[in-house]
Amino acid sequence: MMEQGLGHLRICTLCALVLGLVFAYTSADLPMCKRSDYHFEYTECDVLGSRWRVAIPNKAETCTGLPDPVKGTQCTFSCSEGEFLDMQSQQCQKCAAGTFSLGTSIAFEEWDSLPTGFITHGVTTNEGNAFINCSNSIWTPKGEYVASNTDECTATLSYAVSLKKPGALSFEYFYPDSSIYFEFFVQNDQCQSTNSESRWMRISESSWSHYKVKLSKGNNVLYWRTTTYALLGGAVKPVLLRNIQVSGVAYTSECFHCKPGTHSSKEGSARCTPCPADTYSNKGATVCHECESDKYAVPGSGSCKPRPACTNSDYFYTHTPCDSEGKTQLMYKWIEPKICSEIIKGAVKLPASGEKQTCPPCNPGFFVTNSSACEPCSNDSYSDGKGAPSVLTFYSVLVNV
């Protein structure tokens, strides 16, 4: 038995030696890690408010020689608006032109894809339909917003964030269809609900609704959940979310690109500026570009649209003030901002101005001034509106009475 035990010991020792050689060979066979092969993260804060910066490989077993852990910034450390934390140097840096940072807040304004940290999945909640495949019943990015599912599955969108101080969450939503249950709630890392308000969201009347809730210091998990319960063979309108913003984070490790229709021309921008009318910009723009002459854009546009043909609804008429001769003129003007085109086939032209006409009299109690405007009579004077005011005498008082 002793020899058998020693035999097992020799075999185990040999296995460990072989495994060690294999591991050493494998590590030696891997290339040295480049900066693009890993990213930095902070460990959890200890009781003294300290933490370590560690290197995390983007993919396992692709390289070797990761940087050693180093002492991190204090847990109370934060960056200002327009800055981000460069994890390499652990120093705050200004955001480049075309990007922005809210400092101790993070914002999600673009939904070309789900931003990092957001998770969505669908499950069935109807026991009678246990075989329904709900894997595709998820929240779907649509560019400017993210849209919910419209089937009988339950779709959940979640985001986990750790706050270094008490903060807040705000977002905009459009919830037009009562055939969908729509709820929002917050839980801590022990899955305990942290907000006492009702989780059921109110129906949107006709436009986007704004929602804001306070968040506690520490870990918060945000949940948006929808379930359709009355299909009735008709189309169901999805719930839409946009402009999600969370405050109370210590820092952001990246700056966000300006969304289309906005720009930032300087470094260290806290927000992006909307493009003016008849200009546009792409994502991450530093300047806005003018539209071509046959196109237009409303303020904050990411692209230009072809100008439509002018119609009678695109202009209005007005009378000019009375001139020194007591004459006025009928004038036609385009409604501003003018987006229509007069040169397109079928477009109407702006009518010609009318001939000068005698100005109508002022209302009783008003008189015509030297500038041909009507002004109210002063105390102790009166006018029938056709001439200069007269002084109010004792006789005129009796007549008026």
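Predicted model: local features only at pLDDT ≥ 70, side-chain atom pairs only at ≥ 80, totals over all residues.
Local features need pLDDT of at least 70, side-chain atom pairs count only at pLDDT 80 or more, and totals for chains, interfaces and linings use all residues. Residues are numbered from 1 along each chain as its sequence is written, and side-chain values use heavy atoms, with hydrogens and water left out.

**View A. Cys33 and Cys63 form a disulfide** (a pair of cysteine sulfur atoms within 2.5 Å). Their sulfurs sit 1.9 Å apart. The torsion about the S-S bond is about 90°, so this disulfide is right-handed. Both Cys33 and Cys63 are buried (under 20% relative accessible area; exposed is over 50%, partly exposed in between, with a 1.4 Å probe and protein chains only). A search of the whole structure turns up nine disulfides.

**View B. Here Cys79 pairs with Cys92**. Their sulfur atoms are 2.1 Å apart, and a torsion of about -90° makes the disulfide left-handed. Cys79 is buried at 4% relative accessible area, while Cys92 is partly exposed at 25%.

**View C. A disulfide joins Cys275 to Cys288**. The S to S distance is 2.1 Å, and with -85° about the S-S bond the link is left-handed. Cys275 has 1% relative accessibility, so it counts as buried; Cys288, at 23%, is partly exposed.

View D. Cys377 is buried, with 18% relative accessible area.
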